[in-house]
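Here are some notes to read beside the model. They go point by point.

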There are 2 protein chains.
Amino acid sequence: MAPKIKSPEEREQLRLLILNAARSLFVERGIDAVSMREIAKKINYSATTLYNHFADKDALLQAVCDEDFLALAGSMQDIMKLPDLLDRLQALCKSYAFFALNHPNHYRLMFMTPHAPCNLDTTKIEQGNPEQDGYAQLKWVVKEAFDAQLFKADITDYELIAQTLWASVHGVCSLEIALGHDPWINWASIDARLSLMQRSILSGLLQHPDQLKESSDFTMATPLSTTSNI
Amino acid sequence: MAPKIKSPEEREQLRLLILNAARSLFVERGIDAVSMREIAKKINYSATTLYNHFADKDALLQAVCDEDFLALAGSMQDIMKLPDLLDRLQALCKSYAFFALNHPNHYRLMFMTPHAPCNLDTTKIEQGNPEQDGYAQLKWVVKEAFDAQLFKADITDYELIAQTLWASVHGVCSLEIALGHDPWINWASIDARLSLMQRSILSGLLQHPDQLKESSDFTMATPLSTTSNI
DNA sequence: GCCGTTAATTTAACATTGTTAACTTATCTT
DNA sequence: AAGATAAGTTAACAATGTTAAATTAACGGC
C-alpha cells in the first residue's frame, strides 16, 4: 500500500527481515510445512514481495543455509585458539554436535537434505576460508595433527581422516535427529553415544590412543524438541 | 469404469500394484516430487482409488518403508551364518552400506527423514524379530561379541556399542547421499571412507584391535546416480 | 510544479498438490 | 428382482509455489 523508494540499506534491511522470518519458521516447523505466504504474513508483507528479494523458495532456503554455515564456522573459530592439538580436535567435534542438536532443523537443511549440488556460484561463502568454512577448519586441525604424526602411520591421506571424523559425529547427530524419538530403538543417552563415538573413533585413528584424556564431558543437555533460533 | 467385486487376493494384488508404483516413483524422483495423482496414473487408476487402500500419503509411505526394512533385514540375515564373529560384524556393516548406497532414496526415506515416530501400531514389522528387524540382528551379533569379551572392558552397555557401530556406518553413507555430489568437499572415494571408518571404529572399540583382518575389500561400485528398484 | 520513469508492493490468477464428498455402476445376496 | 455393498470415478476444496498485471508512491528533469 505504501511503497517508498528504498535506499540500499533499507533494501538490505528488508532482505534480512525476510531471511530471519523464514529461518525462524523453518526451524520451528520444518521446511515443507512453511509456505511463502506464511513467511510473508509474519512480517506483514504479501507473498510476492519475497520474490523481489529471492528468486524462489529454494533460493531463500539457500540464503538461510549460508548464514547458518557462517554461524557454525564462527562458533568453531573460537576453538581454534586452544593450545593442545587433541583438545582442539575434540572440542571441534563437540561444538559441531552441539550445533547440530540445538538446531536440528537447520542441521537437517544443511547436512541431511540433498540440495542441488550447492551452487558454488550463488553461495556467498568463500570455500576454504576458515572464517566461513567450518569444514576447512576441521581439515586444518587434522592436517596439523597429521603433520605431527599423531595418526596411525599407514593412513596417508589427511583429508580422508577429516572426512571420517566428520562422518562419525554426523552419524550420531543425524540419527538422533531423524530417529531419536523413535520407540523402535532403545536409545542410550545422546551424551553417551557422542562420548563413546568420539573416544572410539579417535582411539582408532591415533597412533597412541593412550594420549586421549578421559574428560570430554558431553552434556548437550538441551532436549531436541526445544528448537530455537540461531 | 468397470468395478468387479474383488476377492481378498485380488484386493491384495492391487495393494501391491500401488505399493510398487509408489516405490519406484519415490525412489526415482524423491518423495515430495511425486504426487498421488502421478502414482495413480502410472497404474491407470484415479487418485482416489489409492485412498481406498492407504489412509493418506504418509501411510502409503510407511507401507513402502516397511517393505524396505524387510528387504534390508533379509539381506542381512544371510550374513548371520558366517562362523567368525568379527567377520559377521564387518560383513553386516558392509551389507548395510551396500544397501544404503544402492538405494539412496529408500535410505533417505528410512533413516534420514524424521518420520512421525514410527507408529508401532500401524507398522507390520515385528520389533525384535531378527527376520524382520535389521537392528535386532546387529544388536544380536554385538551382544555375542560383547559376551565373548571382544570389546574394551570399560564399555558396559552392549546396546550402546551397537548404536555406535550403526552411527559410524550411517554417518559415512548419509553424508555420501546428502552431499556426495557437492563440489564443496574434496571427497575421498566412498570405498576408502567406508573402509577407514570401519577399521577405525572397530579398532577403537575392540579390546585387541590386532585381531582385525586387513581384508574388507570395499567395492560399492554402483554409482549413486544409478538409483534402482529394490 | 508538473510528468514520465522507475521502484516497491499488492491483487488476481494459474497450475498442482493432498484429500474428501457425492455419485455411478457393477456385482453379490436374498 | 431388489436392495445392499464394494470399486471406482468425477468434481470440488483449500493450500501451495509462482507469475502477470495493476497500483501506488517517490524520484529526476524541465
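**Notes on the predicted model**

1. Start with a loop residue. Gln149(A) is exposed, with a relative accessibility of 61%. The model shown here is predicted. Gln149(A) sits in the loop between α7 (134–147) and α8 of chain A. Its backbone stands out: Gln149(A) is not a glycine, yet its phi is positive, about 55 degrees. Most residues other than glycine have a negative phi.

2. Asn44(A) is another such case. Its phi is positive, about 60 degrees, and Asn44(A) is not a glycine either. Where is Asn44(A) placed? It lies in the loop between α2 (36–42) and α3 (47–53) of chain A. Asn44(A) has a relative accessible area of 71%, so it counts as exposed.

3. Now the chain as a whole. Chain A has nine helices and zero strands. Along the sequence the pattern reads α-α-α-α-α-α-α-α-α. Chain A has 230 residues, and 52% of them are buried. Consider the contacts in chain A with a separation of 6 or more: 68% of them join residues 24 or more positions apart.

4. Next, a helix pair. How do α4 (residues 57–77) and α5 of chain A cross? Their axes come within 10 Å and cross at roughly 145 degrees. The crossing of α4(A) past α5(A) is right-handed. From α4(A), the residues at the meeting point are Asp68(A), Leu72(A), Ser75(A) and Met76(A). From α5(A), they are Leu92(A), Ser95(A), Tyr96(A) and Phe99(A).

5. Tyr96(A) also takes part in ring pairing. The search of the whole structure finds 16 aromatic pairs over all chains. One of them joins Tyr96(A) and Tyr107(A). That pair is edge-to-face, with 5.7 Å centre to centre and 85 degrees between the planes. Tyr96(A) belongs to helix α5 (residues 85–102) and Tyr107(A) to helix α6 (residues 104–112), so the pair ties together parts eleven residues apart in sequence. Are these two tyrosines buried or exposed? Both Tyr96(A) and Tyr107(A) are buried.

6. Tyr96(A) is in helix α5 and Phe111(A) in helix α6 of chain A, 15 residues apart, and the pair links distant parts of the chain. Tyr96(A) and Phe111(A) are both buried.

7. Which residues make up the aromatic cluster around these rings? Phe69(A), Tyr96(A), Tyr107(A), Phe111(A), Tyr135(A), Trp166(A) and Trp187(B) form one cluster. Note the chain letter on Trp187(B).

8. Tyr135(A) leads on to α7(A), where it is one of the buried residues. Helix α7(A) has 14 residues. From first C-alpha to last it reaches 20 Å, close to the 20 Å expected at 1.5 Å a residue.

9. Helix α9 (residues 190–205) of chain A has 16 residues. It reaches 22 Å from its first C-alpha to its last, close to the 22 Å expected. Why is α9(A) described as largely enclosed by the rest of the structure? Because twelve of its 16 residues are buried. Among them are Ile190(A), Arg193(A), Leu194(A), Met197(A), Ile201(A) and Leu205(A). The cover comes from both chains: it includes α5 and α8 (158–179) of chain A, and α8 (158–179) and α9 (190–205) of chain B.

10. Last, lysines and tyrosines. The charged end of Lys143(A) sits over the ring of Tyr158(A), 5.2 Å from its centre. In chain B, Lys143(B) lies over the face of Tyr158(B), at 5.3 Å from the ring centre. Tyr158(B) is also touched by Lys139(B), which contacts Glu159(B) and Ala162(B) too. Lys139(B) and Tyr158(B) are 19 residues apart in sequence, with 7.8 Å between their C-alpha atoms. Lys139(B) is in helix α7 (residues 134–147) of chain B. Its relative accessibility is 25%, so Lys139(B) counts as partly exposed.

Technical notes
Residues are numbered from 1 along each chain as its sequence is written. Chains are lettered from A and ligands numbered from 1 in the order in which they are written. This is a predicted model: local features need pLDDT of at least 70, side-chain atom pairs count only at pLDDT 80 or more; totals for chains, interfaces and linings use all residues. Side-chain values use heavy atoms; hydrogens and water are left out. Rings of Phe, Tyr and Trp (its six-membered ring) pair if their centres lie within 6.5 Å; planes under 30 degrees apart count as stacked, over 60 as edge-to-face and the rest as tilted. Helices (H or I, at least four residues) and strands (E, at least two) are DSSP runs, numbered from the N terminus. Buried means under 20% relative accessible area, exposed over 50%, partly exposed in between (1.4 Å probe, protein chains only). A charge sits over a ring if NZ of Lys or CZ of Arg is within 6 Å of the ring centre and within 35 degrees of the ring normal. Contact means heavy atoms within 4.5 Å. The expected span of a helix is 1.5 Å times one less than its number of residues. Axes are lines fitted to C-alpha atoms, for helices over the stretch in contact, and angles run from 0 to 180 degrees between N-to-C directions. A crossing is left-handed if the near helix is turned anticlockwise from the far one by less than a right angle, and right-handed if clockwise. Lists of a residue's contacts leave out its neighbours within four places in sequence.
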